[in-house]
Amino acid sequence: MLIKSIKKYLLERKKESLLSYKITHFACFNVGALGMYNTESTRESFYREVNRIKQFASKFNIPVVSIDTNLHEFYPEYNFNWSHSYLNMACVLSLQKLWGKYIYASGYSLNNFEFNISDSAKYEPFLLTNLSTESTELISGDMELSRADKVRYIMNDAIVKDNLNVCLKEQCINSESGIDNYNNQFINCGKCEKCLRTILQLEIYGKLEEYKDIIDLSEWQHLKPYYLGKVIACRKENMMYDDILNTITSEYHIPLFSKIYAKIYKPYQIIKKVLKRK
């Protein structure tokens, strides 16, 4: 969670232990997070993202480094989910003279460490240490914290309520299916996996209403029982779902439909796949 690192290393930089980690630059790399490579729509999304980051960075008088790359043309088989750490760090290391330390927001906590080809974030602490050079230290930021810990750490800050961006809508719009059914009024669509995961966590913590101006919540009440059922059904396979469920207290009401849907979710998905093949 990038904004967690920004709060820690920028807004709290006066702490003695963080002085050598003061943020001097923000970075944005077009290596796959915004959708298919080398398409006009993805590049437009990239430029929009760079401009949004520049507006945020200007509040702190910090420059933004942006890189558009054709690296993917040499390795077209690279799926972004399992290669994002490599792709982003390739951009970082192309500018080693610029930074002595580079903080890359961790996707998982160290407790979830595993060598799993499906997602480079799962073994990132090991990977970044070995990709570091004599001049540039690559750091997996806040790997001691779970996703829920990070949400709790930032959720009360006004700067977060105005700038939080977890959304995958640009990636969805620029995918092969070209899905474009998102309300552009909001930075966060409120429908994609990362939005739903964040919405559920904020609701559990009782903070969701405070984010209504930056997350589209118009469909949440309809999507909630289905998504919560999915989270319950898949908690053993998805460590982030398990993390969310571990924060639920007796005060948070889980709809009966969600509990029932959790029981049939996996068989239902199998049936859907079979019917789709036919």
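This is a predicted model: local features need pLDDT of at least 70, side-chain atom pairs count only at pLDDT 80 or more; totals for chains, interfaces and linings use all residues.
## The chain as a whole

The chain contains twelve helices and four strands, and it has 278 residues, of which 46% are buried.

## Helix α5 and its two faces

Helix α5 covers residues 124-131, and its buried residues are Glu124, Pro125, Leu127 and Leu128. Seen down the axis of α5, these buried residues fall within an arc of 165°, so they line one face of the helix. The face turned away from this buried side carries Thr129 and Asn130, which are exposed. On the buried side, the residues of α5 pack against α4 (80-93) and against the strands β3 (101-105) and β4 (137-141).

## How α4 meets α5

Two packed helices are described by the angle between their axes and the distance between the axes. For α4 and α5, the axes come within 11 Å and cross at roughly 30°. Because angles under 35 degrees count as roughly parallel, α4 is described as roughly parallel to α5.

The crossing of α4 and α5 is right-handed. On the α4 side the contact is made by His84, Ser85, Tyr86, Met89 and Leu93, while α5 contributes Glu124, Leu127, Leu128 and Leu131. Sorted by class, the residues in this contact of α4 with α5 are six nonpolar, two polar and one charged.

Helix α9 (residues 193-204) and helix α10 (residues 220-233) pack at an angle of about 95°, and their axes are 11 Å apart. The two helices α9 and α10 are therefore roughly perpendicular to each other. From α9, the residues in contact are Glu193, Leu196, Arg197, Ile199, Leu200 and Glu203, and from α10 they are Trp220, Gln221, Leu223, Lys224, Tyr227, Leu228, Lys230 and Val231. The contact of α9 with α10 comprises eight nonpolar, one polar and five charged residues.

Helix α10 also packs with helix α12 (residues 256-277), here at an angle of about 55° and with the axes 7 Å apart. The helices α10 and α12 are therefore oblique to each other, and α10 passes α12 in a right-handed crossing. In this contact, Lys224, Pro225, Tyr226, Leu228, Gly229, Lys230, Ile232 and Ala233 of α10 meet Phe257, Ser258, Tyr261, Ala262, Tyr265 and Lys266 of α12. By class, the contact of α10 with α12 divides into nine nonpolar, two polar and three charged residues.

## Two residues in helices

Arg43 lies in helix α2, which spans residues 40-58. Is Arg43 buried or exposed? Its relative accessibility is 16%, and because buried means under 20%, Arg43 counts as buried. When residues up to four places away in sequence are not counted, Arg43 touches Asn38 and Asp68.

Gln171 is found in helix α8 (residues 169-173), and with a relative accessibility of 26% Gln171 counts as partly exposed. The C-alpha atoms of Gln171 and Gly35 are separated by 4.0 Å, although these residues are 136 residues apart along the chain. Leaving aside neighbours within four places in sequence, Gln171 is in contact with Gly32, Ala33, Leu34, Gly35 and Phe80.

## Two loop residues with a positive phi

Most residues other than glycine have a negative phi. Asn61 is not a glycine, and yet its phi is positive, at about 55°. Asn61 is placed in the loop between α2 and β2 (64-68), where its relative accessibility of 71% makes it count as exposed.

Asp142 likewise is a residue other than glycine with a positive phi, near 55°, and its place is in the loop between β4 and α6. At 3% relative accessibility, Asp142 counts as buried, whereas Asn61 counts as exposed.

Technical notes: Residues are numbered from 1 along each chain as its sequence is written. Side-chain values use heavy atoms; hydrogens and water are left out. Buried means under 20% relative accessible area, exposed over 50%, partly exposed in between (1.4 Å probe, protein chains only). The arc is that of the directions from the helix axis to the C-beta atoms. Contact means heavy atoms within 4.5 Å. Axes are lines fitted to C-alpha atoms, for helices over the stretch in contact, and angles run from 0 to 180 degrees between N-to-C directions. Angles under 35 degrees count as roughly parallel, over 145 as roughly antiparallel, 65 to 115 as roughly perpendicular and the rest as oblique. A crossing is left-handed if the near helix is turned anticlockwise from the far one by less than a right angle, and right-handed if clockwise. Ala, Val, Leu, Ile, Met, Phe, Trp, Tyr, Cys and Pro count as nonpolar, Asp, Glu, Lys and Arg as charged, and the others, Gly among them, as polar.
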